[in-house]
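Good morning. Please look at the structure first.

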Amino acid sequence: MHLLTLLFLAHLTVLHAGSLSTMMEELAKKFKEETGIEIKRRAGGSLFLANLIKEKRVDWDIFFSADYNITADLKGTFCDTFYTFASNKMVIAYTLKSKYSREINEKNWIQILSRSGIRIGRSNPELDPCGYRTLLLIEILKSKYGEEIANKILANSSEKNVRSKASEIANLLEMGELDYAFLYLNEARTRKLRYIELDDSLNFGNLCLKDYYKQFTITLKNGKVIHGDPIVYGFCVNKNSKKREVKIFLEFWEKHGKEFIQKYNLKSL
């Protein structure tokens, strides 16, 4: 019975951004093969998961966020430190089923996405960093190309095309229920979607443009102001988690982390 109890306890609970789902699935499998320890995963929008942590409505050992600022906000009360590990970029994803898929390119995508009848998906900015980064991207479009065309694009990504996390948007795009979607580069590549690469001034992928990005802000419904920032992923460890499995995981991550980051189309820091 004692041995069975030990086996049952040999697990970690990992919360992670939806854009890391495919990576974390393979990582969890390899981790169990090497250590015998099971990873219980829960994917979601990083803001949503952080709120569960703050409200003490979820058990967790490690939290991987698509925005390091979210893990930084947990420091002190919920974790002692946080680690940054990868960057990403925003892209416009589509498929061959998308309207104007054979016409769109890196020079005309703004005009095409502003056309009447285009269905553009985006994730919920109240729950998911990809969602608020999309709205920040719209703010940059307003400054570069004018409010009229930017508002047309926003209108084409109305509330009916909003889902709680970006992976749900990607699913709808693959099913043909959307024409285009604001997604991360790693998700577009992992799913083998077509995509339009955006200028660094729009994609939040250039770490050297931090001062430029932070000129743009949006305000969430709860009053929280979000500033533009380069896309940097971070993770933290629950300060109340004393499991030996956490130490084993950190050693595993030190050994294999960059391998998984590169394989799943993120850029290692």
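Helices (H or I, at least four residues) and strands (E, at least two) are DSSP runs, numbered from the N terminus. Residues are numbered from 1 along each chain as its sequence is written. This is a predicted model, where local features need pLDDT of at least 70, side-chain atom pairs count only at pLDDT 80 or more, and totals for chains, interfaces and linings use all residues; side-chain values use heavy atoms, with hydrogens and water left out.

Now the angles. Most residues other than glycine have a negative phi. Phe204, in the loop between helix H10 (200–203) and helix H11 (210–213), has a positive phi near 55°. Is Phe204 buried or exposed? Buried means under 20% relative accessible area, exposed over 50%, partly exposed in between (1.4 Å probe, protein chains only). Phe204 is buried, at 1%. Lys192 also has a positive phi, about 60°, and sits in the loop between helix H9 (185–190) and strand S9 (194–197). Lys192 is exposed, at 75%.

Next, the pockets. On a 1 Å grid over the protein atoms alone, a pocket is an open set of points where a 1.4 Å probe fits, with protein on both sides within 12 Å along at least five of seven lines; lining residues have an atom within 4 Å of a point. A volume is the space filled by probe spheres set on the points, which are joined across faces, edges and corners.

The largest pocket holds about 260 Å³. Its lining has 17 residues, and Asp67, Asn69, Ile226, His227 and Asp229 lie nearest the centre. The second largest pocket has about 220 Å³.
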